Amino acid sequence: MSYEAVIGIETHVELQTASKMFCGCPTDFGAEPNTNVCPVCLGLPGALPVPNERAIEWTVALGIALGCEISQHSVFHRKNYFYADLPKNYQISQFDLPLCVGGHLEVDPGSGVRRVGITRVHLEEDTGKSTHLGGGGRIHDAEGALIDFNRSGIPLLEVVTEPDIRSPEEARAYAQELRAIVLALGISDARLEEGSLRFDANVSLRPEGADELGIKVEVKNMNSLRSLQRALAFEIERQTALLDKGEAIDQETRHWDEEAGRTEPGRSKEESSDYRYFPEPDLVPIQTNPEAVERIRGALPELPALRRARHIALGVEPAAAATMASAGLAAMFDDAVSAGADPRAAANWVTGEITAHLNRTGDDPSDLVMDGRGLAELVGMIGGGELSSTAAKEVLIGVLAGEGSPREVAAAKDLMQISDESAIVSEVDAVIETHPDEVARMKDGDERLAGFLVGQVMKATGGRADPRLVDRLIRERVGL
Amino acid sequence: MPIDIDITKVARLARIGLTAEELAHYEEQLQVILEHAARVQALPTEGVAPTAHPLPMVNAFRPDEVEQTLDREEVLSQAPDREGPYFRVPPFLDE
């Protein structure tokens with residue numbers, strides 16, 4: 001039988017506030033274990049939480065960006081939770097009165113625009129980090145665990161979608177767009193490999209055309225956009241095979257095993273009511289005032305969808321516009337264009353060589369030593385015939401290594417293109433002199449030989465002559 | 001009017017191992033609490049907005065500023081077990 005997949009995604013976003021959600025401990029990633037801790041995030045008796053105002057403003061900002069309604073009255077709840085990575089035995093989260101409700105996000109997996117409903121955006125605290133000991137890395141066979149509470153209490157946003165997603169490709173496109181928005185807002189570094197953006201998905205199948213929802217499976221532990229897509233594809237295939245055999249789907253939580261390329265059963269699903277949410281008595285309610293919400297709305301940066309549309313209008317290819325937005329490189333492009341760079345050329349460099357450099361080094365766009373102005377200079381030098389595109393790649397490597405501006409690097413490495421006619425004429429004449437046969441055949445109409453002769457001049461000048469100028473000079477000399 | 005309590009389930013959800021006598025003891029105490037809650041619930045509350053907090057107060061926030069953390073050695077010295085810079089705990093996710 002043919003089935004339709006019904007997918008909803010829960011995304012956890014770690015906010016990059018300076019301090020934690022309910023205490024003043026720093027949030028920096030990679031600090032020595034158990035150094036960013038205090039009585040509040042260690043759950044010591046008597047310690048009292050106080051919410052971080054910036055985390056609340058950023059949650060509202062994301063809510064606005066997703067078209068949500070911002071609740072005027074919002075409350076923190078306790079969610080009972082019995083794992084050693086959160087020592088209070090509860091997590092402060094939100095339940096029936098989240099900060100943001102009812103938005104949507106338009107995504108394009110390449111097959112047309114789809115609208116994904118956003119159920120809610122709420123704020124909670126992250127857990128500590130646990131490392132399970134022994135058992136060959138299998139949680140079920142572990143002999144114990146080591147806990148680092150540095151992550152405990154870092155503000156965590158949860159964005160929940162409606163079950164509107166129909167394929168792994170759409171899921172990936174949604175995740176990518178959400179990530180681009182989070183980056184544009186500057187509220188998280190959104191690094192999947194460091195866990196600052198994490199995805200869980202609910203997947204069920206139903207016969208094509210049916211309205212009723214099937215039994216859903218929750219898939220966890222997807223640590224990249226690629227694994228999100230792969231895990232969902234695997235899960236759809238697994239459930240299809242079971243249904244085709246007439247077997248029932250277990251409502252359960254499954255973990256994605258990236259190496260094995262399959263999902264495995266996890267701990268049994270607790271009913272929502274078993275978390276026994278109740279209002280956090282240590283925290284008073286949040287009342288958002290409409291002027292404050294409007295102030296946040298007015299201060300929002302340009303969002304990725306609008307930015308892409310603007311870039312496409314400038315002549316940038318849609319795929320390049322999407323790449324720039326999701327890689328956090330759109331600002332560099334904009335700076336280059338306002339410094340006078342040709343948009344199409346600037347986009348090619350940003351999505352080509354500069355992205356390749358970031359992939360190679362693992363750096364963040366913010367680590368780049370070249371800014372948009374530098375890129376404009378590089379693009380301008382190529383357009384003005386001062387630099388060949390081959391030489392420009394070498395110049396870029398130097399600039400990104402901190403050796404100076406494009407012009408300085410080109411001069412230091414002797415890569416400036418020779419565009420001065422008088423400096424090339426002698427080389428052109430010499431090549432014509434030493435290749436009489438080729439010149440004769442060219443005169444007889446074999447145009448291809450022009451390319452050969454240009455190549456000879458380029459070789460003689462160490463690749464530094466402007467090939468367009470050389471071509472013109474040769475044609476003039478030969479008399480074409 | 002006695003209220004039905006699944007005391008074993010309550011104990012299991014709280015991850016507390018209790019003897020039969022203790023279960024009976026706590027069931028009796030919880031009965032009293034629930035009977036009180038039932039009396040409160042019986043009050044006419046139409047037109048009264050739900051309250052999440054007894055204090056007439058909202059928006060108690062702190063600015064996003066880093067404050068002093070605790071000394072790690074002092075923190076770990078309070079733990080029943082440690083391994084290097086980490087707390088060591090029994091296996092979990094093992095139900």
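Start where the chains meet: strand β9 (residues 144-148) of chain A is joined by 3 bridges to β2(B), and the two run antiparallel. Strands (E, at least two residues) and helices (H or I, at least four) are DSSP runs, numbered from the N terminus, and two strands pair if DSSP finds at least two bridges between them. This is a predicted model, in which local features need pLDDT of at least 70 and side-chain atom pairs count only at pLDDT 80 or more, while totals for chains, interfaces and linings use all residues. To find your way, note that residues are numbered from 1 along each chain as its sequence is written, and that chains are lettered from A and ligands numbered from 1 in the order in which they are written.

**Stop 1: the contact between the chains**

Select A:Leu146 and look across to β2(B), where B:Arg88 is its bridge partner. Now widen the selection to the whole contact, which takes 41 residues from chain A and 33 residues from chain B. Two residues are in contact here if their C-beta atoms, placed from the backbone, lie within 7 Å. On the side of chain B that touches chain A, α3 (72-77) and β2 (86-89) of chain B each supply at least two residues. The largest share of that side, 4 residues, comes from β2(B). Colour the side of chain B by class and you will get 20 nonpolar, 3 polar and 10 charged residues. For the colouring, Ala, Val, Leu, Ile, Met, Phe, Trp, Tyr, Cys and Pro count as nonpolar, Asp, Glu, Lys and Arg as charged, and the others, Gly among them, as polar.

**Stop 2: the domains of chain A**

Next, colour chain A by domain: domain 1 (3-292), domain 2 (302-412) and domain 3 (421-478). These bounds come from an automatic or database domain assignment. The C-alpha centres of domain 1 and domain 2 of chain A lie 34 Å apart. Where they touch, 9 residues of domain 1 of chain A are in contact with 6 residues of domain 2 of chain A. Helix α2 (residues 168-185) of chain A gives the largest share of the domain 1 side, 7 residues.

**Stop 3**

Go to A:Arg78, in strand β4 (residues 77-80) of chain A. A:Arg78 counts as buried because it has 21 C-beta neighbours inside 10 Å; the cut-offs are 20 or more other C-beta atoms within 10 Å for buried, 12 or fewer for exposed, and partly exposed in between, with C-beta atoms placed from the backbone. Leaving out residues up to four places away in sequence, A:Arg78 touches A:Tyr90, A:Ile92, A:Tyr277, A:Phe278 and A:Glu280.

Then try A:Asn221, in strand β12 (residues 217-222) of chain A. Although A:Asn221 is not a glycine, its phi is positive, about 70°. A:Arg276, in the loop between β14 (262-265) and β15 (278-279) of chain A, also has a positive phi, near 40°.

**Stop 4: helix α7**

Finish at helix α7 (residues 330-338) of chain A, where A:Ala330, A:Met332, A:Phe333, A:Ala336 and A:Val337 are buried. They lie on the same side of α7(A) because they cover an arc of only 160° around the axis, the arc being that of the directions from the helix axis to the C-beta atoms. Show α5 (304-313), α6 (318-327), α8 (343-361) and α9 (372-383) of chain A to see what the buried residues of α7(A) pack against. After α7(A) comes A:Gly340, with a positive phi near 105°.
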